[in-house]
Amino acid sequence: MKKNPEKKKANAPLPTKTKVLIGVVVLLALILIGLVATLIMQSSSATTGVVVVLGAGGLIDLYTAVALILGANIGTTITAQLAAFSSFDIAPFFIALYRLS
């Protein structure tokens, strides 16, 4: 019985480009999660504290922790930028909307 060389195995490894793309998508998703967590808690220090506790407990790895903390810092920057806009701009609307959520 001859093996068909064209038939691929179901558990064949992914190509390198696919692995890189998946890694980038996961990284961006983790940054977004950190950003949203900071916007909900309104404190990047609280988000970072939660991430440190999860990391110390072994629930998340360093790669995940760094991405979450990066997202938390981006969330703080966005909040500060909204507060820094002129009162004549559209920022008061966004700040009010943010405070209502």
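Reader: Which residues are buried in α3?
Author: In this predicted model, the buried ones in α3 are Thr64, Ala65, Ala67, Leu68, Gly71, Ala72 and Gly75.

Reader: And what do they pack against?
Author: The buried residues of α3 sit against α1 and α2.

Reader: How many residues does α3 have, and how far does it reach?
Author: There are 23 residues in α3, and from first C-alpha to last it reaches 33 Å. That's close to the 33 Å expected at 1.5 Å a residue.

Reader: OK, α2 then. Where does it run, and what's its span?
Author: Helix α2 covers residues 44–56, so 13 residues, and its end-to-end C-alpha reach is 18 Å, close to the 18 Å expected.

Reader: Which of its residues are buried?
Author: Ser44, Thr47 and Val51 are the buried ones in α2. They're on the same side of α2, because they cover an arc of only 60 degrees around the axis.

Reader: What's that side packing against, and what's on the face turned away?
Author: The buried residues of α2 pack against α1 (16–41) and α3 (62–84). The face turned away from the buried side carries Ser45, Val53 and Ala56, which are exposed.

Reader: What caps the N-terminal end of α2?
Author: Ser43 does, with a side-chain oxygen 3.4 Å from the backbone nitrogen of Ser45. Just after α2, Gly58 takes a positive phi of about 80 degrees.

Reader: Switching to Thr38. Which helix is it in, and is it buried or exposed?
Author: Thr38 is found in helix α1. Its relative accessibility is 3%, so Thr38 counts as buried.

Reader: What does the Thr38 side chain reach?
Author: Two things I can point to. There's a polar contact of 3.3 Å between the side chains of Thr38 and Thr47, and the Thr38 side chain also reaches the backbone oxygen of Ala72 at 3.5 Å.

Reader: Which other residues is Thr38 in contact with?
Author: Setting aside neighbours within four places in sequence, the contacts of Thr38 include Ser43, Ser44, Gly75, Thr76 and Tyr98.

Reader: Last thing, confidence. Where is it lowest and where is it highest?
Author: Confidence is lowest in helix α4 (residues 91–100), with a mean pLDDT of 73, and highest in α2, at 92. For the protein chain, the mean pLDDT is 82, and 81% of its residues reach 70 or more.

Key. Residues are numbered from 1 along each chain as its sequence is written. Side-chain values use heavy atoms; hydrogens and water are left out. Helices (H or I, at least four residues) and strands (E, at least two) are DSSP runs, numbered from the N terminus. Buried means under 20% relative accessible area, exposed over 50%, partly exposed in between (1.4 Å probe, protein chains only). The arc is that of the directions from the helix axis to the C-beta atoms. Contact means heavy atoms within 4.5 Å. A polar contact is a pair of N or O atoms within 3.5 Å; within protein, one must be able to donate a hydrogen and the other to accept it, and residues adjacent in sequence count only if both atoms are side-chain atoms. pLDDT is the predictor's confidence in each residue, from 0 to 100.
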